[in-house]
Amino acid sequence: MNKRTLVKIGLLVIGFLVLLLFVVSIFPARTNYVIKEPQLEEIKTMCALGTTEIDYNNVAHVEKEDWFFGKKQRKMWIEYKAIVKTGIDVEELEMEKKGNKIRITIPAAKVLSIVCDLDSFNEESFRTSKAFPIKFTAKDQNTSISEANKNIREATENNKDLMRDSQLRAKKIIQNYIDEFTTADGLQYEVEWELK
């Protein structure tokens, strides 16, 4: 091959590459965008984590009659700390989507759990009314703590401000989650709330 032929082939290759670059630049590459929408299961997971914990210092008491020295009431008090968790039941959470409108129904908040803090029990936790107390069984103690926890549950659920705050906390978590999304048209979602 002579020099002239090599120059012609070189110019032809360069011309082809320039043409190829021009064609590629006027036809942008197709990209498959995945548009993610708010999902109820993700909302449920976040709301399950968004609970409120309250520490209660509580006293349970046991009363028994002592027949050994005649009929006398003997009492025992048990001081302990209970941890109450409030929030919404995520299984009752509802969501409907239509276009860029979302309707969220949030159930009323309630007590989700009450747990005795075992670290709060020590020798000072158990007090009795007499110098020579009668024996109180583990069953007596468990029954009195269970009854005291029922009273905590009732007091907590009757605290309307606390229950409302727990429900509004769930609403804020959901709103922050939905605010992260836009529709395929680039619009923000409009949320309609129903608080039970």
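**Strand pairing.** I looked up β3 and β4 in this predicted model and found them paired in the antiparallel sense, over 5 bridges.

I then followed β4 to its pairing with β7. These two strands run in the parallel sense and share 6 bridges. For I102 I looked up the bridge partner in β7 and found V191.

**Largest pocket.** Which elements give two or more residues to the lining of the largest pocket? I found β3 (94-98), β4 and β7 (190-195). From β3 and β4 to β7, the pairing entries above therefore concern elements that I meet again in this lining, since a lining residue is one with an atom within 4 Å of a pocket point. I put the space in this pocket at about 150 Å³. I listed the lining as E96, K97, K98, K101, I102, R103, E190, V191 and E192. By class I got 7 charged residues, 2 nonpolar and no polar.

**Largest nonpolar core.** I next went to the largest nonpolar core, which has 19 residues. I asked which of them touch the most other members, and the list is I43, C47, I88, L93, I104, I174 and I178. I looked for elements supplying at least two residues each and noted α2 (40-49), β4 (101-106) and α4 (160-178). The most comes from α4, with 6 residues. Nonpolar side chains tend to be buried together in soluble globular proteins.

I took L93 as a case and left aside its neighbours within four places in sequence. Its contacts are L40, I43, K44, C47, I88, I104, T105, I106, P107 and I174. Among these, I43, C47, I88, I104 and I174 are also on the list of core residues that touch the most other members.

I also noted a second, separate core of 14 residues. M76, I78, V84 and I114 are included in it.

**D117.** Last I looked up D117, which I found in strand β5 (residues 110-117). Is D117 buried or exposed? I recorded a relative accessible area of 16%, so D117 counts as buried, the cut-off being under 20%. Beyond its neighbours within four places in sequence, I found D117 in contact with K81 and I83.

Terms used. Residues numbered from 1 in each chain as written. Predicted model: local features only at pLDDT ≥ 70, side-chain atom pairs only at ≥ 80, totals over all residues. Heavy atoms only, no water. Core = buried A, V, L, I, M, F, W, Y, C linked by side-chain atoms within 4.5 Å. Buried < 20%, exposed > 50% of the residue type's maximum accessible area, 1.4 Å probe, protein only. Helix = DSSP H or I, 4+ residues; strand = E, 2+ residues; numbered from the N terminus. Contact = heavy atoms within 4.5 Å. 1 Å grid on protein atoms, 1.4 Å probe; cavity = no way out; pocket = protein on both sides within 12 Å on 5 of 7 lines; lining within 4 Å. Points joined across faces, edges and corners; volume = space filled by probe spheres on them. Nonpolar A, V, L, I, M, F, W, Y, C, P; charged D, E, K, R; others polar. Pairing = 2+ DSSP bridges.
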